[in-house]
Amino acid sequence: MGIRGKSYSVQVIENSVVHADEPWNDHWLPFTNLDLLVPPFDVGSFFCYKKPSHGSFLNMINTLKTSLSRTLTLYYPLAGEILWNAAAGENQIHCNNRGVDFTEAVADVQLKELNLYSPDESIEGKLIPKKLHGVLAIQITMFTCGGMVLGCMSDHRAADGYSANMFISSWADMARSETPSMLPSFQRSILNPRSPTSYSSSINDVFSIYEPTPIPNNEENHDGGDPLFINRIFYIEREQLNRLQLLASESGSRRSKLEAFTSFLWKIVALSLEESGNHNQMCHVALAVDGRSRLSQGDGEEKETLMASHFGNVLSMPSGAKRSQELMDMTLSNIAMEVHEFLQTATGKDHFLDLIDWVEERRSMPLVARAFASTETSMMVSSGQRFQIMDKMDFGWGKVAFGSCHVPRGRKDFYVMTLPSPTNKEDWVIYMHLPIIHMNYIEAHAGQVFIPMNVDYLGL
């Protein structure tokens, strides 16, 4: 199937810093209460492009840099740094136009020789830059076939997936000399708490104060020192998605594909725990819910537009917890009912208003999603289906042939993201960052659902 990639090397040919191209007003941008719910870690993404029909690599680099400089004028926090603001007594984004580190590189293989199924081999440390400074780092890599990969690494505290997608789309518009379809808003007052603050006790079921728990030594490595977590990329064909949705809806209530997929994954991880000898362990699953449309409900078109263009984090992470043995014995439709019920706690406007107020009383404390407040098995599922990356990220030399998020291998949290397929809009691409033991179980027992990503499927 064209899965196994070729070992290759990448040579950096130039490092530079791209600044916003207009004179800058140095200032501090505080985090909103919803930004403070995001841990301080970096997230990556990469986008593969086939050989353009015109233009040289040098011209494309110049286009990317020039348009990035113009885009950073609009998205000015991305050209800044997250630093301690002594006057405010907290970390904030220092909008000082420090700039974005920009790396130009060449790879000694063709794009079709990448093993995209195993991003630890093909992407990590090669096509996505390490973010050493600032909020954002970018790398563009040319392949021997003339194709290229654009890699980004950014600080999650500054932007969620929706915002990152908005930035890349605007950058692509600028590169094509077009006006961005949406201009970002950094108006913090739109997410101000109410006075006096008020919230339901149900918020305590979704988020909590973070209290670090020591990790036992035997959790650090697995099987002779191999890293505990690995990354994989699969695709799921529409027939399998429809089948999962049908099974999840057997109780008489129609469930969404995301609810069905999450239920299936929750059960597989529970089965993996049981087979590995971790009997009756508590198993958590959380779903990322975007609050932009919810927070503007009933407030008119102006508020709706402001929320849709808000750049930052507007996420809640409702979750469910079940013992692995109980999940093992439940039908998929019963698990889907559990997923649907906990998801409903975060689908209303009141939940997000309560959440903003809840954080206000705890701004100085480290906060975390309840599912990740302990060392018990906890998995985050995020949906990127609405991002439309395949259509929006054309820099002037064609649409994206393949795109995905990327989590650094060293991170120790279970993370799964669903993405649109570049070849069949009814298929899903699935990015997974899981412990080796669970990944092996999934591939051994659900191979008919999770098909390893390969160049034949992508037509590279």
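**Figure 1. Charges and overall form of the predicted protein chain.** The mean positions of the 38 positive and 53 negative charges lie 4 Å apart. Lys and Arg are counted as positive and Asp and Glu as negative, while His and the chain ends are not counted; each charge is placed at NZ of Lys, CZ of Arg, CG of Asp or CD of Glu. This is a predicted model, in which local features need pLDDT of at least 70 and side-chain atom pairs count only at pLDDT 80 or more, whereas totals for chains, interfaces and linings use all residues. Residues are numbered from 1 along each chain as its sequence is written, and side-chain values use heavy atoms, with hydrogens and water left out. The C-alpha trace spans about 60 × 60 × 45 Å along its principal axes. The protein chain holds 13 helices and 22 strands (DSSP runs numbered from the N terminus: H or I of at least four residues for helices, E of at least two for strands).

Figure 2. A nonpolar core is a set of buried Ala, Val, Leu, Ile, Met, Phe, Trp, Tyr and Cys residues joined through side-chain atoms within 4.5 Å. Buried denotes under 20% relative accessible area, exposed over 50%, and partly exposed in between (1.4 Å probe, protein chains only). Of the 96 residues in the largest core, Met432 and Phe450 touch the most other members. Helix 5 (residues 257–275) gives the most to this core, with nine residues. A second, separate core of 43 residues includes Tyr75, Val135, Ile168 and Trp397.

Figure 3. Contact means heavy atoms within 4.5 Å. Neighbours within four places in sequence aside, the contacts of methionine 432 include Ile230, Phe234, Leu265, Tyr415 and Phe450. Histidine 351 is situated in helix 10 (residues 349–360) and is buried because its relative accessible area is 7%. With the same exclusion of neighbours within four places, histidine 351 contacts Ile203, Val206, Ser316, Thr345 and Ala346.

**Figure 4. Backbone features in two loops.** Most residues other than glycine have a negative phi, and most peptide bonds are trans. The peptide bond from serine 195 to proline 196 is cis, with omega near 0 degrees; proline 196 belongs to the loop between helix 3 (161–175) and strand 9 (207–209). Serine 177 is found in the loop between helix 3 and strand 9, has a positive phi near 60 degrees, and counts as exposed at 65% relative accessibility. Asparagine 280, in the loop between helix 5 and strand 13 (282–287), has a positive phi of about 55 degrees and is partly exposed at 32% relative accessibility.
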